[in-house]
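Work through the exercises below with the sequence and the model at hand. Try each task before reading its solution.

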Amino acid sequence: MKDFVFYNPTQIVFGEGKTSEIGKYLQGKKCLFLYGSGSIKRNGIYDRVVESLKKHDVKFVEKSGVKPNPVLSFVYEAIDTARKEQVDCILAVGGGSVIDTAKAVAAGFYYNGDVWDFFVDKAKITKALPIYVVLTLSATASEMNSGAVITNESTKQKFNIQAVSLFPKVSILDPTNTYTVPQNQVANGSVDAIVHLLEGYFTKSYPNTPIQDGFVETLVRTIIATTKKILENPKDYDARANFMWSATLALNGLTTAGIGNYEFPNHMMGHSLSALYDIAHGASLSIVFPAWLKYNESNISKRLASFGKAVFGKTNSKDTITAFEEYFHEIGAPIRLKEVNIDKADIDKIAENAVSLATKWGLKTYTKEVIAKILELAA
Ligand code: NZQ
Ligand code: ZN
């Protein structure tokens, strides 16, 4: 096992009905209450949150309208609101887009310059407002990690930030809050959580990692099984609960602790598809990931085969890649660029965009030419 530091200070409050406890954790505070386009009003989560805030005398200012693939212009607006209203914390009620927006606002609140400086490594986040979460969609694990991803609409960059101060203080994980997540978003979440687990699994530098391999294989098996159950019966509590906790564990630091260096190349390429075409994060990954596996098959064939055996009951690398494609298609996720109306002729433009994130992440082998070759396999 490689040396590691594992630190995750987020308190998870998990279970049916726990949404009504959010006010307890915010007592005595004034928060900026962020949410998306209104699903929480239609499914009753908004009412439960507001009732709890009122019960515990929590002051709050609302700001709605966070969009999927959240944007920088909204972050600027929300920082202004947070300052004007002198809030002392942020409450994010939503999925990854709302939580990531909360993190960017939390970091920008104390900073005199442009919050985008943090994304392009011009400045370091040293202080942030405390963040509280009521999760409504399982996918990103933003509820239990210190990262956030925002799109700068003018530069077409979908870039990330990371800082210890961005771990949420408390995240409420109430599986019943996800009963209304539409099927395409369930599929997106399933793909996202699986790829979070497998980026590390297939790119790690240290060979002997039985604990981490076992975590990953169990979590992927659970995600696949529960996704199918959820698509059949959206109100299957146990399936929602197991999916929810698996997605959180998929990117909270647990499965990568001890594996040495690893890379996130599929996210690097996927973020460009979202930055340029505004396609959902999960859909970007179901397109890129099989292509990346094909490109790298000869280097990782043994590992692909052992993963295939543990998860899909397959015995070789080719069949494992096919099993991924079949699974993605079965749940309704796209696996080719043309399925989301992206033309092969655009590959050069996408590769050009992706190189800037590859540079930021130090992915030296991912030149524009290499990225284009991988994307050709998704055409
Ligand atoms: O706008 P609202 O009303 O919130 O509706 C949302 C949105 O339309 C809807 N939704 C959420 N909960 C619902 C619901 N609809 C019905 N019932 C519910 N209970 O679902 C749609 C998608 O929401 P979004 O938050 O965009 O999805 P997700 O959680 O997949 O977040 C994706 C974003 O997170 C980033 C992605 O790049 C993308 O921008 N990621 C964040 C990461 C992190 N911070 O660690 C890591 C990931 O790799 C990822 O990059
Ligand atoms: Zn992801």
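Predicted model: local features only at pLDDT ≥ 70, side-chain atom pairs only at ≥ 80, totals over all residues.

**Exercise 1.** Describe the surroundings of ligand 1. How many residues surround it, and how much of its accessible area does the protein cover?

*Solution.* Step 1. Ligand 1 is surrounded by 33 residues, the closest being Gly 96, Ser 97, Asp 100, Lys 158 and His 196.

Step 1. Sorted by type, the residues of this shell are nine nonpolar, 21 polar and three charged.

Step 2. Look next at individual atoms. Ser 39 has a polar side-chain atom 2.8 Å from an oxygen atom of ligand 1. Thr 180 has a polar side-chain atom 2.8 Å from a nitrogen atom of the ligand.

Step 3. On its own, ligand 1 has 960 Å² of accessible area, and the protein covers 90% of it.

Step 4. Two or more residues of the shell come from each of helix H5 (96–108), strand E6 (147–152), helix H7 (183–203) and helix H10 (265–277).

**Exercise 2.** Compare the span of helix H11 with that of a straight helix. Where is its kink centred?

*Solution.* Step 1. H11 covers residues 281–311, and a straight helix of 31 residues would span 45 Å at 1.5 Å a residue.

Step 1. Between its end C-alpha atoms, H11 spans only 23 Å.

Step 2. H11 has a kink of about 95 degrees, centred on Glu 297.

Step 3. Of the 31 residues of H11, 22 are buried, so the helix is largely enclosed by the rest of the structure.

Step 4. After H11 comes Gly 313, with a positive phi near 70 degrees.

**Exercise 3.** Is Lys 338 buried or exposed? Locate it along the chain as well.

*Solution.* Step 1. Lys 338 sits in the loop between helix H12 (317–330) and helix H13 (347–360).

Step 1. Its relative accessible area is 57%. Exposed means over 50%, so Lys 338 is exposed.

Step 2. Lys 338 and Ala 378 are 40 residues apart along the chain, and 8.6 Å separates their C-alpha atoms.

Conventions:
Residues numbered from 1 in each chain as written. Chains lettered and ligands numbered in written order. Heavy atoms only, no water. Helix = DSSP H or I, 4+ residues; strand = E, 2+ residues; numbered from the N terminus. Expected span 1.5 Å × (residues − 1). Bend = angle between axes of the 7 residues up to and from the residue. Buried < 20%, exposed > 50% of the residue type's maximum accessible area, 1.4 Å probe, protein only. Near = heavy atom within 4 Å. Polar contact = N/O pair within 3.5 Å; in protein donor to acceptor, adjacent residues only side chain to side chain. Areas by Shrake-Rupley, 256 points an atom, 1.4 Å probe, with all protein chains shown as cover. Nonpolar A, V, L, I, M, F, W, Y, C, P; charged D, E, K, R; others polar.
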